[in-house]
Amino acid sequence: MCNIRWIIRLRKYVMTAKVIVYSKETCPYCVMAKKLLSEKGVSEIEEVRIDLDPAARDKMIEITGRMTVPQIFIADTHVGGFDDLAKLSRSGDLDKLLNS
């Protein structure tokens with residue numbers, strides 16, 4: 001029988017897509033997004049804090065057309081916010097995207 005801890009550790013190495021999360025310090029949805037990604041085996045998240053870097057905020061708005069956080073990118077795909085990420089997770093498409 002497989003050891004579940006071994007499988008979880010292995011998944012962290014299999015997930016290869018780069019993940020970027022635009023966030024703020026006082027954002028509960030940002031925390032939930034990072035937690036969900038971590039539960040999916042993502043061990044490295046590039047966090048861009050727009051509350052500390054106004055230029056990054058401007059870039060986020062220019063790229064996404066959105067002013068809210070989190071804004072999540074997986075590989076070259078703009079996922080959207082936490083609700084979009086959770087929807088992808090429920091449908092099973094998040095795993096596919098993370099493994100791309």
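**Entry 1**

I started at K96, which is exposed, with a relative accessible area of 58%. For these classes I use a 1.4 Å probe and protein chains only: buried is under 20% relative accessible area, exposed is over 50%, and partly exposed lies in between. Before going on, I note that this is a predicted model, where local features need pLDDT of at least 70 and side-chain atom pairs count only at pLDDT 80 or more, while totals for chains, interfaces and linings use all residues. Residues are numbered from 1 along each chain as its sequence is written, and side-chain values use heavy atoms, with hydrogens and water left out.

I looked up what K96 does with its side chain: it meets D93 in a salt bridge, 3.4 Å from N to O. A salt bridge here is a side-chain nitrogen of Lys or Arg within 4 Å of a carboxyl oxygen of Asp or Glu. K96 and D93 are three residues apart in helix α5 (residues 93-98), so about one helical turn separates them. D93 itself is partly exposed at 33%.

**Entry 2: the other salt bridges**

I found eight salt bridges in the structure. E39 and K35 make one of them, with the closest N and O atoms 3.5 Å apart. Those two sit four residues apart in helix α2, so again about one helical turn lies between them. E39 counts as exposed at 51% relative accessibility, and K35 also counts as exposed, at 53%.

Next I checked R49, which bridges to D51 with the closest N and O atoms 2.9 Å apart. R49 is partly exposed at 25%, and D51 is partly exposed at 36%. I also noted that E25, R49 and D51 are linked in a network of salt bridges.

**Entry 3: the sheet**

What is the order of the strands in the open sheet? I read β2-β1-β3-β4, four strands with mixed pairing. The edge strands, each pairing on one side only, are β2 (46-49) and β4 (77-80). On average, neighbouring strands of this sheet are turned by 20 degrees against each other, direction ignored. My terms: two strands pair if DSSP finds at least two bridges between them; helices (H or I, at least four residues) and strands (E, at least two) are DSSP runs numbered from the N terminus.

I then followed β3 (residues 71-74), which runs antiparallel to β4 and is joined to it by three bridges. In that pair, I72 stands opposite G80 of β4.

**Entry 4: helices on the sheet**

Helix α4 (residues 82-91) packs on the sheet, touching β3 and β4, and its direction makes about 105 degrees with that of β4. Helix α2 (residues 28-39) lies across β1 (19-23), β2 and β3, running at about 165 degrees to β1. Axes are lines fitted to C-alpha atoms, for helices over the stretch in contact, and angles run from 0 to 180 degrees between N-to-C directions. Contact means heavy atoms within 4.5 Å.

**Entry 5: the cores**

I looked for nonpolar cores, meaning sets of buried Ala, Val, Leu, Ile, Met, Phe, Trp, Tyr and Cys residues joined through side-chain atoms within 4.5 Å. The largest has 16 residues, and those with the most contacts inside it are V19, L37, I72, I74, V79, L85 and L98. At least two residues of this core come from each of β1, α2, β3, α4 and α5. A second, separate core of ten residues includes C27, C30, I50 and A56.

Last, I asked which residues V79 is in contact with, leaving aside its neighbours within four places in sequence. I got I72, I74, D84, L85, L88 and L97.
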